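Here's a quick briefing to read with the model open next to you.

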Amino acid sequence: MTKEGQINLVLLGPPGAGKGTLAGFMVKAYRFLHISTGDMLREAVKKGSELGKEIQRYMNSGELVPDKIVTRTVIDRMSKPDAAYGVILDGYPRTRTQAGSLDELLNSGNRSLDAVLYFKTSEEVAVKRLSGRLVCPRCGRNYHVTNIPPKKEGICDTCAVGLIQRADDRPETVRNRFSVYEQRTKDLIAYYEEKGLLREFSGDRTAEQLFEDIDSFLRSEGLIDDDPYEG
Ligand code: AP5
């Protein structure tokens, strides 16, 4: 359980820093609600609507989807009852405008951000991770061919379906995603540092080590008070 039953966290870091993977650990351990804008946008693309096609063009080139579209998606998701107890925001905000929109959204619901977990990761490590990433098309679980392999090669441990590579993990798109991160998202580190919310973790550590670091931090801040992995 969490402090007063509510916690609002942002996960920040470059592509491949491990945001989605660590969010998965936290969901399992603490039952937090994981809101990933990347996953929500991929769902919108799957629907094949005109909006989905527009979103796909941005994502496949590694560009950011316009702020208005993404913020509308987050507002809709945050207004659902299961978000009332707090959330882990993965991949949002990604621009200074989105950070302002998030502040407004939280303030309007008398909520506040508890912490921004920043996974500082070198580009070299992140590129290696993305080039080996495999994803389950059914449940969205992330694997890596060598770092975090499935039990059976190419097959999801949970759903038993074949794993796929994400369209935006092609090398040329990965390079653009990094350059977009440098230009548009990196400023948020200073923004949240000034607000006293930023907590830096070395994204180059293993996922298990990183989760231990996060767990210690959340406990030291009084944001978590039960044992992890309790049912
Ligand atoms: P999104 O899906 O959010 O992608 P991203 O931020 O580029 O992040 P990734 O999912 O690539 O990496 P991650 O940090 O989650 O790493 P992961 O855990 O998977 O966004 C995709 C696109 O959507 C954007 O480019 C943009 O177009 C659009 N979009 C999304 N949000 C938006 C927004 N707010 N505004 C505008 N546009 C938006 O791990 C990567 C790999 O490494 C995996 O294989 C994993 O198994 C492995 N791994 C993870 N951690 C470790 C570790 N510690 N050690 C070893 N291996 C590890």
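This is a predicted model: local features need pLDDT of at least 70, side-chain atom pairs count only at pLDDT 80 or more; totals for chains, interfaces and linings use all residues.

Residues are numbered from 1 along each chain as its sequence is written, and side-chain values use heavy atoms, with hydrogens and water left out. Helices (H or I, at least four residues) and strands (E, at least two) are DSSP runs, numbered from the N terminus.

**Around the ligand**

- The ligand has 36 residues around it, and the closest are T21, E63, R94, R133 and R177; a residue counts as near if one of its heavy atoms lies within 4 Å.
- By type, that shell splits into 14 nonpolar, twelve polar and ten charged residues. Here Ala, Val, Leu, Ile, Met, Phe, Trp, Tyr, Cys and Pro are nonpolar, Asp, Glu, Lys and Arg are charged, and the others, Gly among them, are polar.
- Which elements each give at least two residues to the shell? They are α1 (19–30), α2 (37–46), α6 (123–131), β6 (142–144) and α9 (207–220). The largest share, four residues, comes from α2.
- Now for polar contacts, meaning pairs of N or O atoms within 3.5 Å; within protein, one must be able to donate a hydrogen and the other to accept it, and residues adjacent in sequence count only if both atoms are side-chain atoms.
- T37 puts a polar side-chain atom 2.8 Å from a nitrogen atom of the ligand.
- T21 has a polar side-chain atom 2.6 Å from a ligand oxygen atom, and for R133 the distance from a polar side-chain atom to an oxygen atom of the ligand is 2.6 Å.
- On its own the ligand has 1000 Å² of accessible area, and the protein covers 97% of that. Such areas come from the Shrake-Rupley method with a 1.4 Å probe; for residues, only the protein chains shown count as cover.

**Helix α2**

- T37, G38, M40, L41 and V45 are the buried residues of α2. They line one face of the helix, because seen down its axis they fall within an arc of 165°.
- Buried means under 20% relative accessible area, exposed over 50%, and partly exposed in between (1.4 Å probe, protein chains only). The arc is that of the directions from the helix axis to the C-beta atoms.
- The cover over those buried residues includes β2 (33–36), α3 (50–61), α4 and β3.
- Just after α2, G48 takes a positive phi of about 75°.

**Helix α6**

- A126, R129 and L130 are buried in α6. Down the helix axis these buried residues fall within an arc of 95°, so they line one face.
- The face turned away from the buried side carries exposed E124, K128 and S131.
- β5 (133–135), β6 and α7 (171–185) are what the buried residues of α6 pack against.

**Buried residues and their contacts**

- R77 is found in helix α4 (residues 67–78) and counts as buried because its relative accessibility is 19%.
- Not counting residues up to four places away in sequence, R77 touches L33, I35, M40, D82 and A83; contact means heavy atoms within 4.5 Å.
- D103 is in helix α5 (residues 96–108), and it also counts as buried at 19% relative accessibility.
- Leaving aside neighbours within four places in sequence, D103 is in contact with Y191 and K195.
- Y191, in helix α8 (residues 187–194), is buried, with a relative accessible area of 13%.
- With the sequence neighbours within four places left aside, Y191 contacts R96, A99 and D103.
- Y191 and I164 are 27 residues apart along the chain, and their C-alpha atoms are separated by 36 Å.

- Most residues other than glycine have a negative phi, and most peptide bonds are trans.
- The peptide bond from Y92 to P93 is cis, with omega near 0°; P93 is in the loop between β3 (86–90) and α5.
- N110 is not a glycine, yet it has a positive phi of about 55°. It lies in the loop between α5 and β4 (115–120) and counts as exposed at 75% relative accessibility.
- A160 has a positive phi too, near 60°. Its place is the loop between β6 and α7, where A160 is exposed, with a relative accessible area of 59%.
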